Amino acid sequence: MFIIALFRHFLLIILIISCSAYASDLDIAFGQNRPPFIINNNGELQGLEVDIVRESLAYKGHTIKTKIPMPNARLAIAVAKMNFDAAAGVQYLDDNTFYSDNFITYINYAISRKKDNLAINNIADLTLYRAVAWQNAYRNLGAEYQQFFGPEATGLYLDRYSEFANQEYQNEFFWKARADVIIVDIIMFQWFRQALSKKYDTNEEMVFHKIFNNDTQYQMNFKNEELKNEELKNDFNQGLKHIQSTGKYQQLIDSYVHQVY
């Protein structure tokens with residue numbers, strides 16, 4: 001019995017050593033300030049994307065060593081050309097790196113005040129009202145949106161249409177009643193609704209018009225240097241599925257917004 005117990009103890013030690021030897025401490029590139037998904041707090045990155053990535057990696061013992069913010073154009077090449085271990089919030093490119101399952105989804109709505117009783121049943125209806133979106137929204141909202149609000153669009157209704165690179169300003173523009181409709185991700189809207197409640201009355205009842213069919217999904221990508229990095233991608237996917245199935249994923253969302261719909 002003593003020998004069997006000793007053997008089991010030895011196997012446990014070997015297992016722990018092998019797991020800790022494989023566990024990675026990663027340099028990860030993230031997007032720039034985009035609350036609540038990415039929050040740059042005096043150089044320290046926080047936010048929902050950071051939390052989801054950290055929790056998914058931790059399932060197999062991996063950790064984040066450094067978190068570096070960068071604009072989207074650089075984020076897309078952070079792994080393939082800038083030697084980062086991973087990048088969060090990217091979309092698939094044929095660049096010889098390993099891409100994870102979708103880990104974050106932006107679900108965009110046209111949102112109006114219920115008291116205004118606006119009829120918004122399709123994208124064309126937006127041309128009837130003062131609308132505000134984020135900069136270059138046409139890149140994510142499909143061909144019909146691009147037709148009406150892209151760079152080649154023409155029409156007097158464009159005088160009533162605004163875009164902001166800073167989405168805090170976009171949300172403020174709406175709560176100042178300078179726009180009838182805001183086009184925005186639902187989680188971001190609710191986060192700013194709470195964050196701006198000290199400056200504006202944000203308690204009005206809203207109508208969420210689901211007129212966009214294409215939600216925007218993002219992945220992680222991992223450096224293709226050794227086979228272990230493909231395993232790292234697989235570890236991330238397993239961790240992501242784990243936090244989704246256990247309810248931890250929704251808990252992370254709820255920690256930033258109390259009500260999504």
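Predicted model: local features only at pLDDT ≥ 70, side-chain atom pairs only at ≥ 80, totals over all residues.
A residue is called exposed when its relative accessible area is over 50%. Asn 83, at 54% relative accessibility, therefore counts as exposed.

Look for Ala 177 in the loop between α5 (167-175) and β11 (181-185).

Pro 36 sits in the loop between β1 (25-30) and β2 (39-41).

Before going further, a word on confidence. The protein has a mean pLDDT of 90, and 89% of its residues reach 70 or more. Residues 10-21 are another matter: their pLDDT is below 50, and beyond near neighbours in sequence this stretch has zero contacts in the model.

Now turn to helix α2, residues 48-58. Eight of its 11 residues are buried, so the helix is largely enclosed by the rest of the structure. Among the buried residues are Leu 48, Val 50, Ile 52, Val 53 and Leu 57, but Glu 49, Asp 51 and Ser 56 are buried too.

Next comes a sheet. Strands of a sheet pair through backbone hydrogen bonds, either parallel or antiparallel. Here five strands form an open sheet in the order β10-β9-β11-β8-β12, with mixed pairing. At the edges stand β10 (161-164) and β12 (206-209); each has a single partner strand, so one side of each is left without a neighbour in the sheet. On average, neighbouring strands of this sheet are turned by 30° against each other, direction ignored.

Within the sheet, β8 (residues 108-113) and β11 run antiparallel and are joined by five bridges. Follow Ala 110 across to β11 and you reach its bridge partner, Ile 183.

Which helices pack on this sheet? One of them is α5, which touches β8, β9 (131-134), β10, β11 and β12; the direction of α5 makes about 145° with that of β11. Helix α6 (residues 186-195) packs on the sheet as well, touching β8, β11 and β12, and its direction makes about 115° with that of β11.

Terms used: Residues numbered from 1 in each chain as written. Heavy atoms only, no water. pLDDT = per-residue confidence, 0-100. Contact = heavy atoms within 4.5 Å. Buried < 20%, exposed > 50% of the residue type's maximum accessible area, 1.4 Å probe, protein only. Helix = DSSP H or I, 4+ residues; strand = E, 2+ residues; numbered from the N terminus. Pairing = 2+ DSSP bridges. Axes fitted to C-alpha atoms, helices over the stretch in contact; angles between N-to-C directions.
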